[in-house]
Amino acid sequence: MEPSTPSSNFLADQDTPALVAATAGLLLKKGWMLATAESCTGGLIAGACTELAGSSEWFERGFVTYSNAAKTELLGVDAALIGAHGAVSEPVARAMAAGAIAHSKARAAVAVTGVAGPTGGSPEKPVGTVWFGWSVDGQVRTERRRFDGDRAAVRAATVHYALQTLAHLLQA
């Protein structure tokens, strides 16, 4: 049997509120709290989570770390790491996810850092590039994705994918 991927299970076809509800149920079942660390989404993941009534039972806190200084000050991301790799990178997404756990009482975290556009892209990191970090019970996973569309579309796709993958990881 092939391992399940986020795109191959029921979560892939769910809308964002359904993904939040699925995530909430999984976190409640485990008795865990969630923290978010967001850059390019500016708090949209936390906002989607707290749209669900009763979210205080499983949502612990959200960090909006749009600037590099905020990533360092609030999450403990090493400024040298950002300097060496850029804010939109695997090491920074990993450090953001770990920092969200370290600076909260959560056992699960999702972190996003990307280029939502319409400007700010480069040949190495075009508009729509997003690095994700998920920390679930001490295990950190990262992934890079590129989404098409305008700023709103990139941000919406980022929120959706972050929650879809988090729910998938919580099921494992």
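Predicted model: local features only at pLDDT ≥ 70, side-chain atom pairs only at ≥ 80, totals over all residues.
Colleague: Which residues have the most contacts inside the largest nonpolar core?

Modeller: They are L34, I45, W58, F132, L163 and L170, in a core of 32 residues. A nonpolar core here is a set of buried Ala, Val, Leu, Ile, Met, Phe, Trp, Tyr and Cys residues joined through side-chain atoms within 4.5 Å. Buried means under 20% relative accessible area, exposed means over 50%, and partly exposed lies in between, with a 1.4 Å probe and protein chains only.

Colleague: Which elements give two or more residues to this core?

Modeller: Those elements are α1 (16-30), α2 (44-50), β3 (108-114), β4 (129-136) and α6. The largest share, 9 residues, comes from α6. Helices (H or I, at least four residues) and strands (E, at least two) are DSSP runs, numbered from the N terminus. Apart from this core lies another of 14 residues, among them V77, I82, A100 and A106.

Colleague: How many residues of α6 are buried?

Modeller: In α6, 15 of the 21 residues are buried, so the helix is largely enclosed by the rest of the structure.

Colleague: What does L166 touch?

Modeller: Not counting residues up to four places away in sequence, L166 touches T23, L34, A108, W134 and V136. Contact means heavy atoms within 4.5 Å. L166 and V136 are 30 residues apart in sequence, with their C-alpha atoms 8.2 Å apart in space. Leaving aside its neighbours within four places in sequence, L170 is in contact with T23, L26, L27, K30, W32, A108 and V136.

Colleague: Turning to α1, which of its residues are buried?

Modeller: L19, V20, T23, A24, L26 and L27 are buried in α1. The buried residues of α1 pack against β1 (34-38), α2, β3 and α6.

Colleague: What is found at the start of α1, and what follows this helix?

Modeller: At the start of α1, a side-chain oxygen of D15 comes to within 2.9 Å of the backbone nitrogen of A18. G31 follows α1 and has a positive phi, near 75°.

Colleague: Now the strands: is β4 covered or exposed?

Modeller: β4 is mostly covered, with 8 of its 8 residues buried. T129, W131, G133 and S135 lie on one side, and V130, F132, W134 and V136 on the other. In a regular strand the side chains alternate between the two faces of the sheet.

Colleague: Which strands are joined to β4?

Modeller: β3 is joined to β4 by 7 bridges, and the two run antiparallel. β4 is also antiparallel to strand β5 (residues 139-146), with 8 bridges joining them. Two strands pair if DSSP finds at least two bridges between them. A109 stands opposite S135 in β4, while F132 has E143 in β5 as its bridge partner.

Colleague: What is the phi of D137?

Modeller: D137 has a positive phi of about 50° although it is not a glycine. D137 lies in the loop between β4 and β5 and is partly exposed, with a relative accessible area of 41%. Most residues other than glycine have a negative phi, and most peptide bonds are trans. A cis peptide bond joins G117 and P118, with omega about 5°, and P118 lies in the loop between β3 and β4.

Colleague: Lastly, how many disulfides are found?

Modeller: The search of the whole structure finds 0 disulfides, a disulfide being a pair of cysteine sulfur atoms within 2.5 Å. The sulfur of C40 is 15 Å from the closest cysteine sulfur, in C49, which is too far for a bond. C40 is buried at a relative accessible area of 2%, and C49 is buried at 0%.

Methods:
Residues numbered from 1 in each chain as written. Heavy atoms only, no water. Polar contact = N/O pair within 3.5 Å; in protein donor to acceptor, adjacent residues only side chain to side chain.
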